[in-house]
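Trainee: Could you take me through the salt bridges here in some detail? I would like to know which parts of the chain they join and how accessible the partners are.

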Amino acid sequence: MTTELAAKFQGIYIALYSAYDDNGEVSRERAKKLARHYASTGVTGLYVGGSSGEGILQNVEERKAMLEAVLEEVKGELKIIVHVGANSTRDSVELSRHAEQCGADAISAVPSIYYRLSEAAVEHHWQSMIDSSSLPFIIYNIPQTTGFNLTVPLLRKLAAQDKVIGVKMSGESTFDLQQYKMAGGEDFLVFNGPDEQFLAGRIMGADGGIGGTYGVMPELFCALDRLFKLGSIREAQSLQNTINDLIRRLLRYPSLYGACKYILQLRGIETGEPRLPLLPVRSEDHVSLMELNQDIIAATAKHSHVTALEGAQHHA
């Protein structure tokens, strides 16, 4: 992989939420509005159909509809990485080919999540997607949900292919993240997955991040990334602490995605309720979520000066 290609994908990606109508069906219009909402926040792009997007809970046609709507709205404005992982390799290949036909920028995938697969089986699963399109491929490692933790030898083997450009590291070990970066090489992309340790991931070599809570506070994660790049580590640590308190409060609810979707609703962005078995928010949680939303808005305003800091440095 070239340095130019690595630079093209570095940055902050929102793990896009699902967009349903009031009957729980995928809504293209709501998906478009959601994508448009993020186009001016400073993020690099969107990660469509991943954990936050409930891709595993949708059928192939629903996943295609979400992607088509997003690309119709923001193609060319935001980089679009599509999660095409499915339990069936056949479905994953179909989604990979569809992503290329629609004009997505890259594809990504977890292993199959039900069967406990051997490393050889996981490699074959991923390789089938890699071979099915000309798009760059990003490994998605999330062992706490898939039961499979990417090994360094397998990463090296896959990374030797030009189309395999990086890994989304959602495991909890920053040591593993650092080992992946070292094994893949300087031009191999590593995206931090756990939102609560974004700064730690960047310090240990991550080139950016892909996260679910970014969706309710994208400006804060963009500011955190800017502070890291500016070398303002003490201020970055303070902002990470602020973000982590907000995440801690989000995690108090029965459903993280339900809470995030309700906060978006408070801002005029309707995305419907999460799909069962993910729970919607309870009516008794509305008041505390309104308070949390206001605190996110206040924190965003407090850290808006970071953009000015970056601009001043660029003009120095």
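**Salt bridges**

Mentor: Arg36 has a relative accessible area of 33%, which makes this residue partly exposed. Keep in mind that the model is predicted. The salt-bridge partner of Arg36 is Glu77, at 2.7 Å from N to O. Arg36 belongs to helix H2 (residues 28-38), while Glu77 sits in the loop between helix H3 (60-74) and strand S3 (79-83), so their contact ties together parts that are 41 residues apart in sequence. Glu77, with 47% relative accessibility, is also partly exposed.

Next comes the pair Glu94 and Lys64, whose closest N and O atoms are 2.7 Å apart. Because Glu94 is in helix H4 (residues 89-102) and Lys64 in helix H3, this bridge ties together parts that are 30 residues apart in sequence. Glu94 is partly exposed at 31% relative accessibility. Lys64 is buried, its relative accessible area being 13%.

Further along, Arg249 and Asp295 form a salt bridge of 2.8 Å, N to O. Here distant parts of the chain are linked: helix H11 (residues 233-250) supplies Arg249 and helix H13 (residues 286-302) supplies Asp295, 46 residues apart. Arg249 counts as buried because its relative accessibility of 14% is under the 20% cut-off. Asp295, at 35%, counts as partly exposed.

There is also a network: Arg28, Lys32, Glu68 and Glu72 are joined by salt bridges that share partners. The structure has 17 salt bridges in total, including the Glu77 and Arg36 pair.

Notes:
Residues numbered from 1 in each chain as written. Predicted model: local features only at pLDDT ≥ 70, side-chain atom pairs only at ≥ 80, totals over all residues. Heavy atoms only, no water. Salt bridge = Lys/Arg side-chain N within 4 Å of Asp/Glu carboxyl O. Helix = DSSP H or I, 4+ residues; strand = E, 2+ residues; numbered from the N terminus. Buried < 20%, exposed > 50% of the residue type's maximum accessible area, 1.4 Å probe, protein only.
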